[in-house]
Amino acid sequence: MSDSPIAVEQHGPELLHHFVDAEQQRDAASLGMWLFLATEIMFFGGMFCAYLIYRFWYYNEFAAGSRSLDITLGTVNTAVLICSSLTVALGVRAAQMGKRKLLVVLLLLTIVFGFAFLGIKGVEWYNKYEEHHIPGPSFNVDDLIKAYPQIHIDPQHEQIFFSLYFAMTGLHALHMIIGVVMFAFLSYYAWKGRYTPKYYTPVEMGGLYWHFVDIVWIYLFPLLYLIDRHH
Amino acid sequence: MSEHVMSSKFYYTIWIALLGLTVVTAAVSFLDLGPFNVIVALVIATVKALLVVLFFMHVKYASEKLTKIVIVSAIFWLFLLLALSMADYATRLWS
C-alpha cells in the first residue's frame, strides 16, 4: 500500500480501484448477494403463499395429492442436497486455505450431487406423467378418488395441487440448473488458479446461492411430501 | 467479514445434524399427531434452515451487521406476505 491516496497502483481482482481495501470489497459483494437472496425469498414466497391459501381451501385434494408423492425419493433427494451443501461449505474452506486441487474436487462433487438431485426429480416427474397427474388435457385422478373413497376429491381442485407442485419443484429445479452451470464456471476458474486465500469471493457468493437453493428445498420437502402423510 | 476458517470437523457435525433431522422429520410424518404434524415438520425445517444459514453461510461468525439486517428484513417481509394473506383468507367464512 502506498501512503498517497491518489497513487496509481497495480490492482488484482482482490482489490478494485473504487474500494478502500479488500475487506470493504468483500463486504460489498456479500451485501449485494444477500440483497439478491432477499428478492429470491419473495420470489419463492409468492408460491409458498399460494400453496398455503389453496391448501386451506382444498384441504382434501391437497392431502390426497401430497400422499401420492414418493416420500422415499423425496427424502433421498433432501439428503443429496444436504451433501451438496457440505461439499460447498468445505469448498469455500479449501479456497480460504488456498488448496486448489481440493477446491476443484469439491466443486465438481457439488455438480455431481446437483445432477443426482435433478435426475431423481426427473424420475419423480416421469412417474407423475405415467399416472396422468400432470395438469392438462390428459389429467386424471380416478386413481386417487378410488384410493380415498372416504373423502370428496374434486379433480379441478386436485389439478391446482399438481399445478403448484410442478411450478414450485420446477422453479426450484431451474435454480439448481443455474447453480450447476455456475459451479461449472467456478470449477474451471478454480482449476486455472484464479482463486487464492486473498481472493475467493466468487466461490463464496456461488456458495451462498447454492445454500439458499438448498434452504428452499428444506421447506418444499415438508410442505409437499410430509405434512399430510399421516392418516 | 473477517477471515474465519472453521475446522472441517465442524462442517461434518452440521452435516450429520442436518441428515439426522431429515430422517426424523420423514419418520414423524407417518405418526398421526393431529395439528402438530404441520408444526413439528415446520419447526424441524426451520432448525435445518438456521443451521445452514448460521454455519454453512457463515452468518454467525463472519458477517456484517448490515447483512444481518438484510436477512432479518427479508424474513419479516415474507412473514408480512404470509400472515396478512392468511389473515384475509382464513377469516372470510366468519360472519
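This is a predicted model: local features need pLDDT of at least 70, side-chain atom pairs count only at pLDDT 80 or more; totals for chains, interfaces and linings use all residues.

Reader: What secondary structure does chain A have?

Author: Start by counting elements. Chain A has seven helices and zero strands. Read from the N terminus, the order is α-α-α-α-α-α-α. The radius of gyration is 22 Å, well over the 17 Å that the globule rule gives for 231 residues, so chain A is more spread out than a compact globule.

Reader: What does the C-alpha trace of chain A span along its principal axes?

Author: About 80 × 30 × 30 Å. Next, look at burial. Of the 231 residues in chain A, 39% are buried. Then look at contacts. Take those between residues at least 6 apart in sequence: 78% join residues at least 24 apart.

Reader: Now a helix pair. At what angle do the axes of α6 and α7 of chain A cross?

Author: For a pair, check distance, angle and hand. Helix α6 covers residues 155–191 of chain A, and helix α7 covers residues 201–226. Their axes come within 10 Å and cross at roughly 160°. An angle over 145 degrees counts as roughly antiparallel. Therefore α6(A) and α7(A) are roughly antiparallel to each other. The crossing is left-handed.

Reader: Which residues make the contact?

Author: From α6(A), they include A:Tyr165, A:Met168, A:His172 and A:Phe183. From α7(A), they include A:Pro202, A:Trp210, A:Trp217 and A:Leu224. By class, the contact of α6(A) with α7(A) has 15 nonpolar residues, five polar and no charged.

Reader: And between chains? How many residues does the contact take from chain A and from chain B?

Author: A general point comes before the count. The size of an interface is often given as the accessible area lost when the parts come together. Here we count residues instead. Chain B gives 42 residues and chain A gives 39. On the side of chain B that touches chain A, α1 (8–28), α2 (36–56) and α3 each supply at least two residues. Helix α3(B) gives the most, with 13 residues. That side of chain B has 29 nonpolar, nine polar and four charged residues.

Reader: How far is B:Phe79 from B:Leu19?

Author: In sequence, 60 residues; in space, 27 Å from C-alpha to C-alpha.

Terms used. Residues are numbered from 1 along each chain as its sequence is written. Chains are lettered from A and ligands numbered from 1 in the order in which they are written. Helices (H or I, at least four residues) and strands (E, at least two) are DSSP runs, numbered from the N terminus. The radius of gyration is taken over C-alpha atoms; the globule rule is 2.2 Å times the number of residues to the power 0.38. A residue is buried if 20 or more other C-beta atoms lie within 10 Å of its own, exposed if 12 or fewer, and partly exposed in between; C-beta atoms are placed from the backbone. Two residues are in contact if their C-beta atoms, placed from the backbone, lie within 7 Å. Axes are lines fitted to C-alpha atoms, for helices over the stretch in contact, and angles run from 0 to 180 degrees between N-to-C directions. Angles under 35 degrees count as roughly parallel, over 145 as roughly antiparallel, 65 to 115 as roughly perpendicular and the rest as oblique. A crossing is left-handed if the near helix is turned anticlockwise from the far one by less than a right angle, and right-handed if clockwise. Ala, Val, Leu, Ile, Met, Phe, Trp, Tyr, Cys and Pro count as nonpolar, Asp, Glu, Lys and Arg as charged, and the others, Gly among them, as polar.
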